[in-house]
Amino acid sequence: MHTLTAHEIRDRIKNKELSSVEITKAYLDRIEKVEDKVESYVTVLQEEAMQSAEAIDKKIAAGEEVGALAGVPVALKDNLCTKDVLTTCSSKMLYNFRPPYDSTVAKKLKDADTVLLGKVNMDEFAMGSSTETSYFKKTKNPYDLSKVPGGSSGGSAACVAADEATFTLGSDTGGSIRQPASLCGCVGMKPTYGTVSRFGLVAFASSLDQIGPLAKDVQDCALIYDQIVGYDPMDSTSVNREYASFEKALTGDVKGLKIGMPAEYMGEGISAPVQKAVLAALESFKAMGASYEEMHLPLNEYALPAYYMISSAEASSNLARFDGVKYGFRAEKFEDLVDLYAQTRSEGFGAEVKRRIMIGTYALSSGYYDAYYKKAQQVRTMIMQDFDKAFEKYDVLVTPTTPTTAFGFGEKTDDPLQMYMADICTVSVNIGGLPAVVLPCGYDENGLPIGLQIIGKPFGEAAILNAAYALEKTITKIKPAL
Amino acid sequence: MNYETVIGLEVHAELKTNTKIYCGCINEFGGEPNTHTCPICSGMPGTLPVLNKRVVDFAIKAGLAMNCSITQYSKQDRKNYFYPDLPKAYQISQFDLPLCQNGYVDIVVNGETKRIGITRIHIEEDAGKLVHDDYANCSIADYNRCGVPLIEIVSEPDLRSPEEAHVFLETLKTILEYTEVSDCKMQEGSLRCDVNLSLRPEGQKEFGTRCEMKNINSFRAAVRSMEYEQKRQTEVLSNGGIINQETRRWDDVKGESIVMRTKEDAQDYRYFPEPDLLPMIISDEWIEEIRSTIPELPEQRKSRYISEFGLPEYDAFLLTSSKKTADYFDETVSLGASPKAVSNWMMGDIAKFINDKELEAGDIPFAPAQLKALIDLIEKGTISNSAAKKVLAEMFAQPEEPEKIVERLGLSQVSDEGALMAMVQEVLAQNPQSIVDYKAGKDRALGFLMGQIMRVSKGKANPQVINQMLKEALDKA
Amino acid sequence: MNISKEEVLHVAKLARLKFTDAEAEALAKDMESIIGFANKLNELDTEGVVPTAHAIPMHNAFREDVVTPSYDREAMLQNAPSKEDGGYTVPKVVE
């Protein structure tokens, strides 16, 4: 039962073939069974989940109107604020933080009558590409427990892959939904910047962060996006526009679709199995009536350094509020106010977070602003112009999501730059504020999933979801053996 | 050597909006600690700011009133620093594209008009408050004031003396009151200023090294701190020393300032564009819409009082230096009272009462209609000028119609001709010599007889009426 | 690219972080390589290019000046590591 997709659960509950309590129970049992191995959760809300499932069943029995995802069990990345429920960002700094308010997405999912199973693990404050920087635990890749699930939304991806929730939400600043979704064989989407409210998402890099779904299939991805998309007056960067149903727009028809394949994403550093799987997917598209050709995004190599400057600078400011005064961790020993700050922050943050705060503080500090932060924002403009040009000619762009399939624990933790390279295919999408969906397009010789990324123009979610929907039908998915 | 003082001011004014700048919490002074807060103004993780449109309206309004050009493409920036009254550890402010730029304000010092440049006006959020006094080992952070909207007005270094700076501050305050963007309540800290002061040898073009003074909580403190700093710098320079660029903290109780930080440990605020807020594009239509809401400003009003009512410049200046006072004046005049009489009363006895009772300018406890009634009583001859002063005192003490007060205190003048004629006859009968003197052309006799009649009437006789009667009676005698 | 331990400590002070000498030295190396990597941006001529702060070009997001209820003080302070008399406590600040 835990392998059901959200749309299947929705339909069965609607037809009274399934109750919310039954499906919630099935997931809690599943968590009981595999969580020891996968460790995707930071917090499991056993009792609360059963209570809300019962409440939903009651509503259904009483003939009351229920939300679009009534009874569907979900989990949220632990940087999405949930009222009175621990929201830790997988950091010692927020080990005990219970927000007095709900994030807009948490509220929307509550209004859709989903059942919240719990909060899932992540890289500390979403900084990382393997979920190894979590203060609490190391989440495993369900396909191979000796491999990382990717990151930063590693818990979100592993949770879905291990059938510990029907779907999850993650956040994506430079690939944090797409890279783990790919490494764990899920479908994940980073929507256009501004389409999903960031209110209640603990900020990493405000101008790049975006919330999105990780799901079992493309239809779920569209269906969930339907629920979380929309203007929010609480978020100034939220786009005020109307959205038609993305789920209903899925036709699977890609005839005439013009696909660009940026050569810069298929070069050195991209492993052979990944390249092969991506090319095979492109051929499948062609077979379905789409066309593709190699093209160029010449500035792509500048995306990663620009990304690290912008994201670290914004993070250094966003994370300054964690000082041991208002919430979360406070150091036990300190001499005075300045020492309280320094001691709390040094003990409360992990090494990677501190490294990024240092880089960002440096990039913004007197004398360096123009050389690093402003320069990166100018390069950002140029990269966006690159994309604009590409989308004059192509409907969507297809690339790998990650250079390799899932890597082993500790493999990249010694060299931060090497870890950053894991985002090489994904960061430019955040730089451009573009939407991109990833889905499994094959498996390597060890059975590890390979992710394909489909990038759209701003607000082009319908096109990329539909392309993904078409391709998904040509792929035989393999479930992890747990 | 003689030195010239150069002063520039940074004035912070809290805007009187209903809500805070980035959240819907009430913008209200005071309250129990942390009762006017929410996750947004308390800097909870995940929260986002949304700009209150009225803050932009008010800043533009102030800018237009100070002859600024309005920046058509403006943005907000983060100013990063750690302090317990700043829960996000950054203040949202404006760095390189303030809403208003390049304006000026005309001030009048010793009868001379001087133009003072306004470099910029930008919007920003206020910080919270730390309470120290009641606790032995800790301070308590109260975030009620966090997110209260401010404008910071930065002047050019055009001021040349503490006195000029004082007039400038008073003028700014008046403009902010007239435009109704700020309450300017000094005692609630809704108007605060930082002072930059330097000296240069007379005749030198280049500015000297300046010092900044903070923690100035009243105009009086501003003036004192400037006088202190002027003296301090003069002494240093006269003794061959040099001025270090530094920030000093004014202690109003001790009447001195001490070094807070030197140039070396200047803060690095790491300004960058606030990614959670969008740029502002201010259209011409928007600017014109705001311009149309700007009332007559003090300068214009003063000119009107001079040209329309023939008031002396000094009187017109004083009347218009508080919007409340000027509004009161206008209303009384509009009821038909003589502008000169109203002005005399307001500038004279009323101003004295306000001063004595330590009221705010224009806080007159009775309505303009009552002042008009008082003036009418004088003009109709019902009461004398000196009786009117007594009536006014009563009007300040409690709400009562002037006519009732006159009645209650028995202050009305005797204007009844029969009664007055009897007094005139009585006095003439008692002073035949004075009649002779008057006839002989001794004017003093008339004054003497007037005095006698006033004495007999216990001061209630209407002097104009008896003057007339007395002359007629003497001519007949 | 050369970042000294002193520079690291200066930046750490700005960021209110503390490092041991060994940590600062290791961090100097990391920062050198990451900032060095960012210097790649200098290969591009950005003269006259307008910096992008927001990927989706929008402007004028405003809120009307309407009061919404503040939060209950207990809810606001529920996470405070140290509180007294309705306020967050911090070591005595000497101004």
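## Contact between chains A and B

In this predicted model, chain A and chain B meet through 33 residues of chain A and 26 residues of chain B, two residues being in contact if their C-beta atoms, placed from the backbone, lie within 7 Å. The elements that supply two or more residues to the side of chain A that touches chain B are H9, H10 and H11 of chain A, where helices (H or I, at least four residues) and strands (E, at least two) are DSSP runs numbered from the N terminus. H9(A) provides the largest share of that side, with three residues. Sorted by class, the side of chain A that touches chain B holds 17 nonpolar, 10 polar and six charged residues; here Ala, Val, Leu, Ile, Met, Phe, Trp, Tyr, Cys and Pro count as nonpolar, Asp, Glu, Lys and Arg as charged, and the others, Gly among them, as polar.

Residues are numbered from 1 along each chain as its sequence is written, while chains are lettered from A and ligands numbered from 1 in the order in which they are written. As this is a predicted model, local features need pLDDT of at least 70 and side-chain atom pairs count only at pLDDT 80 or more, whereas totals for chains, interfaces and linings use all residues.

## Contact between chains A and C

Chain A also touches chain C, with 56 residues of chain A in contact with 42 residues of chain C. On the chain A side, at least two residues each come from helix H9 (300-318), helix H10 (337-348), helix H11 (351-364), helix H12 (369-393) and helix H13 (416-420). H12(A) gives the most to this side, namely 11 residues, and the residues of the side as a whole divide into 28 nonpolar, 17 polar and 11 charged.

Strand E3 (residues 115-120) of chain A is mostly covered, since six of its six residues are buried, a residue being buried if 20 or more other C-beta atoms lie within 10 Å of its own, exposed if 12 or fewer, and partly exposed in between, with C-beta atoms placed from the backbone. Strand E1 (residues 41-44) of chain A runs antiparallel to E3(A) and is joined to it by three bridges, whereas strand E2 (residues 73-77) of chain A pairs with E3(A) in the parallel sense over five bridges; two strands pair if DSSP finds at least two bridges between them.

Val120(A) in E3(A) is the bridge partner of Tyr41(A), and Val120(A) also stands opposite Lys77(A). Together with helix H4 (residues 104-111) of chain A, E2(A) and E3(A) make a right-handed β-α-β unit, right-handed meaning that, with the strands pointing away from the viewer, the path from the first strand over the helix to the second runs clockwise.

Two backbone features fall in the loop between E3 and helix H5 (154-161) of chain A. Thr131(A), which lies in that loop, has a positive phi of about 65 degrees although it is not a glycine, and Thr131(A) is buried, with 33 other C-beta atoms within 10 Å.

## A three-stranded sheet in chain B

Chain B contains an open sheet of three strands in the order E6-E5-E16, with antiparallel pairing. Its edge strands, each of which pairs on one side only, are strand E6 (90-93) and strand E16 (272-273) of chain B. Strand E5 (residues 77-80) of chain B is joined to E6(B) by four bridges, and Asn80(B) stands opposite Tyr90(B) in E6(B). In the loop between E5 and E6 of chain B lies Ala89(B), a residue other than glycine whose phi is positive, near 65 degrees; Ala89(B) counts as buried, with 22 C-beta neighbours inside 10 Å.

## Nonpolar cores

The largest nonpolar core has 258 residues, and those with the most contacts inside it are Val437(A), Leu465(A), Ala468(A) and Ala59(B); a nonpolar core is a set of buried Ala, Val, Leu, Ile, Met, Phe, Trp, Tyr and Cys residues joined through C-beta atoms within 7 Å. H9(A) gives the most to this core, with 10 residues. Leaving aside residues up to four places away in sequence, Ala59(B) touches Leu99(B), Cys100(B), Ile121(B), Ile123(B) and Ile151(B). A second, separate core of 28 residues includes Leu311(B), Leu374(B), Leu377(B) and Met395(B).
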